[in-house]
Amino acid sequence: GKAAGSSAPAKVKKRRRRKKSSKIVVNLTLCKYPVVQEAALSLGWEVDRDEEGELPGTDFTVLWMDCSVSAQRVMRLSPWQRVNHFPSMHIICKKVSLSNTIARMRKVAPAEYRFCPQTWSLPAEAVQLRRYLSGMHKRKTFIVKPSGGCQGRGIFLTRNPAELVDSLEDVVVQQYLTKPLLIDGFKFDMRVYALVSNVVSLSIFLFDDGLVRLCTEPYQKPTDANLEHAYMHLTNYAINKHNTNFVFNEDDSRGDVGSKRDFVFLNQYFVEQGLDPRKVWRGIEDVIIRTLIAAQPTLKHVYNLCFPQRNDGCGCFEILGFDIVLDYRLKPYLLEVNHSPSFTCDTPLDRKIKYALILETMQMLNMKPEEQAREKERAQELVRQRIEQRGGVPGEEEREEEASRKRAAERRAHEDATMRHYRRIFPCADSGRQGFYEELLLTSAL
């Protein structure tokens, strides 16, 4: 028998090493949406959920997370790896940061940044809000939102914000749009999906389908009597689904029925009302492009810090959800930008749209199993050359720039060949518009 007080040596749990795969490996440890896994498997990708509960350092090809990504995490990526978020995208994806980013551009290009309702962050901008309220000639309605809230939690309307300024903490106060475009008498908003594939050379795509989210009580202009009617004023699905009037879509081929509808229905509705869908979408594209132009200098700066070498801008990609409301004149207003739009599929219509969106995004990445081996060989060859040359390799920088240009051209050709539901909105084909946007980019970088 064992001597008293002795114990068996503790077993050390070793992390199981996965065999090297010739497939694309997507790590979904921090992704809760089954539809992402379904799309990956349909492409023949291998899914790694990392049973140990730790993010592997180098095994994956694509890291897909529901949460934002830190600069430190991005810095650890190898050249063949991609992650589905850009570091610092929070500058347009948090309510306060979006307000500050747009406000900065309003100072240098005031006429070009009038697509966000006027917004104040409390308590930081309490003085500015009071000044604005004291100069008002008639009562207006305001919407109050928690700075970090989502799914409609904690949102309310008020016509007397002056009474609340001192008591509100960590919220944004936003002027409420009282004359929205209506569908059959109901207020609605649009969840528009955009893909950002590069922030060094800004590249933006717009997805051709999305969600039209209707309120579940007929709209009336805000009055003291109806301010608390959330089903009338707030378009959030998380709120309206609890109303007995909410109609769930049960057939993905019928995007024209229910309290959530698709853009095929919306475009047809515009036509039936004698409105021009092309004009509406030009305005929405413009809002998305200008928003990302406002963020681009910061996004590019942080990205370059993460990738000081061999930086052609494609280590990250991101699907953004833009929440847009149209007013009665068809002018689009940006309410917020979501860096992790919900991929919950609780109706057939949701699944149809979101599955197509995720699948085409994955296809646009142009991931190749052999790329990892090629990049490793290339890195080893550079190290060998540097040792032999005892320092820099003559002409290395020029060769790398040429290789980078070639990769960029190959990527663009692949994107153009792959796009079915996406369309490139920046750089845009119209040279006049592109020239205007490039001027705006220069202004943004000042």
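## Salt bridges and a helix pair

E285 is buried, with a relative accessible area of 10%. Keep in mind that this is a predicted model. The side chain of E285 forms a salt bridge with R423, at 2.7 Å from N to O. Since R423 sits in strand β16 (residues 422–426) and E285 in helix α9, the pair ties together parts that are 138 residues apart in sequence. R423 itself is partly exposed, at 33% relative accessibility.

Another pair to look at is D166 with R130. D166 is in the loop between β7 (156–158) and β8 (171–175), while R130 belongs to helix α5 (residues 126–134), so these distant parts of the chain are linked across 36 residues. Here D166 is exposed, with a relative accessible area of 64%, and R130 comes out as partly exposed at 37%.

Then there's E415 with R424, and both of those residues are buried. Salt bridges with shared partners also join D189, R191, R213 and D323 into one network.

| Pair | N to O distance |
|---|---|
| D166 and R130 | 2.2 Å |
| R423 and E285 | 2.7 Å |
| E415 and R424 | 3.2 Å |

Back to α9, which spans residues 277–306 and packs against α8 (residues 263–272) at an angle of about 125°, with the axes 9 Å apart. That angle makes α8 oblique to α9. On the α8 side, F263, N267, F270 and V271 do the touching, and they meet P277, V280 and W281 from α9. Sorted by class, this contact has six nonpolar residues, one polar and no charged ones.

Note on methods. Residues are numbered from 1 along each chain as its sequence is written. This is a predicted model: local features need pLDDT of at least 70, side-chain atom pairs count only at pLDDT 80 or more; totals for chains, interfaces and linings use all residues. Side-chain values use heavy atoms; hydrogens and water are left out. Axes are lines fitted to C-alpha atoms, for helices over the stretch in contact, and angles run from 0 to 180 degrees between N-to-C directions. Helices (H or I, at least four residues) and strands (E, at least two) are DSSP runs, numbered from the N terminus. Angles under 35 degrees count as roughly parallel, over 145 as roughly antiparallel, 65 to 115 as roughly perpendicular and the rest as oblique. Contact means heavy atoms within 4.5 Å. Ala, Val, Leu, Ile, Met, Phe, Trp, Tyr, Cys and Pro count as nonpolar, Asp, Glu, Lys and Arg as charged, and the others, Gly among them, as polar. A salt bridge is a side-chain nitrogen of Lys or Arg within 4 Å of a carboxyl oxygen of Asp or Glu. Buried means under 20% relative accessible area, exposed over 50%, partly exposed in between (1.4 Å probe, protein chains only).
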